[in-house]
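Morning, everyone. Please look at the screen.

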Amino acid sequence: MLQKDMRTLSIIILHVLLSIHFLFAQKTTKTECKGMLSGVVIDAQSKTPLAGVTIYLKGTNKGVITDAKGRFQIPDLCKGEHICICRMIGYEQTEFVIHHYHNHAHHDKKLALKHDNHLLEEILVEGKKIETATQAKSSLSGDALDKSSGKNLGESLKSLTGVNTLQTGHSISKPVIHGVHSNRVLVLNNGIRQEGQQWGAEHAPEIDPFVATQLSVVKGAAGVRYGADAIGGVVIVEPPRLRQRPGIGGALNLVGVSNGRQGIMSGMLEGQVIEGLSWRLQGTYKQSGNVHTPDYHLSNTGLREVNFSGAVGYTKERFGIEIFHSRFDTELGIFEAAHTGNRADLKRAISSPQPLVIKDFSYDIIQPKQRVSHHLLKAKAFWLLDKVGKIEIQYGLQSNARAEFDHSRRGKSTAALSLNLNTHTLDLVFNHNAVGHWKGSLGLTGMYQTNVFTGQMFIPNFNTTTAGAFVIERYVRENFEFEAGIRYDQRSLTTYIRPTSNDPVENKTLNFNNFSGTLGVIFRFNDYLSLRSNLGTAWRPPAVNELYSAGLHHGSASFELGNANLQTEQSYKWINTLTYEKNGLNIELSGYYNQIQNYIYLAPSAPWSTLTIRGEFPIYQYLQTNAVIMGIDAALEYDITSSLTFRSKASVVRGRDRSFDNPLILMPADNITNTLTYQLPKVGKLKKVFFSLSGRHVAEQRLLPQNREPFEGDTPSQNIGEDQLTYEELINAPAGYSVWGFQTGFTLPFHRQSLKISLSIDNMLNAAYRDYLNRFRFFADDLGRSFTLRLKYTF
């Protein structure tokens, strides 16, 4: 088994190395660089020097950090015009231009930074990985984000290295970071941890990607800053800063997709009433009908979505407050052929090359279906204290209503299952000013949740109370950074269960508590080569569905059984990232090792299927083991010429059940994506004209868990005869596949406005394939060829 893993990894590394060799053979020699830039950075108000300010040349990895006296020096400055960017937590990002056409020095530049009143904490530059922490972090913003507009959150993040998606059909996808997903990946929506019914594999985050100007992924265990559950990482959805200048502006996005005949319209309008007082309104409407594979339509796969958000903020030099509200509403059909009436039909549906139910295109959404509404209200304020630091307080209120409608109850307006979750969160954070080379933060967090169900019980009513405290400190020098943090969380879960209709309600309270920690370093060996290493530990108590689910889960078309004996998960993750950037060549190589004690997973359970009044469905049960998940991410970007760029990203993940020496279920298959882009800065009045060809290649997942029947809690199999469902049928993976895509577009600027137009073709060769991480792979192929036209008007 290990030999197969090493052979696959060797092929991928060889592919990348051959690409580098081919590209290096065509690279021209660059002009000699002998210039020098030096100066000092000060606080614009106090005029005192600022230590730990990051200064770098935009579009390169050449940069430095100011010393204890605020001074900096950037050698080897090439001829031409350079944009220098200065950034530091708590201050506004500042840019200035250096015109360097002779090999002389630019000395004694004095740069003044103003305090940043922006309420968001993360600062990233378009298309770059900014080392604001020792954990691996990637982002999608600017043109790259615009090129994915119209996709849901999971599909948008899929373009980042190390991120895959767990799908339930085409319209529901969740991010998978280094092999883990759902409750192990925390989603921050405008600074608030997203709390819906995220435990479900078919419960996608209730977030409109159009609200964001940047999507970021933290790939390490991030439990110290963000709390329990962030074992696998964090997805950060960041809206733009409220308008900082007088006037009104906005944007209009129009997207049309041929597959499903989908139409999307999203608009944003913002303005500043008086100095310091700004507002923003945003809304999105989306509708799609039945999508199609290369050979047939997928019945009942349409969706309708209506979203709205609004924000208002008032900021002065030392104080600011922001109020944000959003509403997400969607109704989506569940693939009709995934629901079968009896055991023989289920057996036929899984073994058939085509769905048992095939219908023509329609916008109608019939049962089974889901209807979800999510409200978010955020209030945040900050105060700047002279020579001390910054205090931030944030309150969040979320209301999540999920209704699942059953196939057998068509014609009835009452949902078979309704879940209503209300969440209150409160965060208090103090960021202290730099003390020598040290800077950091400490904070208190709290969360209270109530969940009430009506109709069929799948999970019980419950209340959850969580409280935590953390401290994070960073030591920053020019070529070295050290980060350490510790956090303590306490969680209490109280459930209300009625064993039978004749029994009284039983209350049961479970208490969980533990520490999280992080240690990390950044080594900058020179202007081109850096190494980040982070060792993090995080924990996660079992979720209520893992403990007590019992019954049919409509959205995933499965019968799920909880396990009340589950223990707390504990993760120890070590991740190392080596980055090289020079002369138009960018290489990033990451390796990680994640040991998870008491790893919880969902696996097929004997007798493999069960008959309910709503039909026959596969049986899955929550189990626990000690596991290891390890892997390698590789990314390469090379400028062959000033107009032609080659990009490649590859991912290899290995998950192992250490207790039984067995592969873990639902680990992403090995994959590599190559992209060749030709871009011209200007063609007549058009700017950023580009043509892009990409190919994604996914191997067959051959590392599948072997049946070790019986599992704990299994009932003896009563299935006999030709229609008996087997373990292998529920675990087998489809063949590997390759899909190709093409995209072209341009920007047309006029006055202070611009129009972006792009056309993309997904699955250009109309390949028929099935993806291992698609929960409906048993019943149908994935999507066929699709054309997407995108228009964005900014004013």
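Let's start with a question: is Phe779 buried or exposed? Phe779 is buried, because its relative accessible area is 5%, and the cut-off for buried is under 20%. Keep in mind that this is a predicted model.

Now its partner. Phe776 is buried too, with a relative accessible area of 6%. How do the two rings meet? The centres of Phe776 and Phe779 lie 6.2 Å apart. Their planes are at 70°, so this pair is edge-to-face. Over 60 degrees is what that label needs.

Let's step back. A search of the whole structure gives 14 aromatic pairs. Another one of them joins Phe335 and Phe776. Here the centres are 6.2 Å apart, with 45° between the planes, and the pair is tilted. Where do these two residues sit in the chain? Phe335 is in the loop between β19 (319–333) and α5 (343–351). Phe776 is in the loop between β38 (753–762) and β39 (786–794).

Phe335, Phe776, Phe778 and Phe779 make up one aromatic cluster.

Last topic: charges over rings. Which ring has the charged end of Arg261 over it? That is Phe361, with the charged end 3.9 Å from the ring centre. Lys390 has its charged end over the ring of Phe382. There the distance to the centre is 4.8 Å.

Two values describe a pair of aromatic rings: the distance of the centres and the angle of the planes.

Definitions and conventions: Residues numbered from 1 in each chain as written. Predicted model: local features only at pLDDT ≥ 70, side-chain atom pairs only at ≥ 80, totals over all residues. Heavy atoms only, no water. Phe/Tyr/Trp six-rings, centres within 6.5 Å; stacked < 30°, edge-to-face > 60°. Helix = DSSP H or I, 4+ residues; strand = E, 2+ residues; numbered from the N terminus. Buried < 20%, exposed > 50% of the residue type's maximum accessible area, 1.4 Å probe, protein only. Lys NZ or Arg CZ within 6 Å of the ring centre and 35° of its normal.
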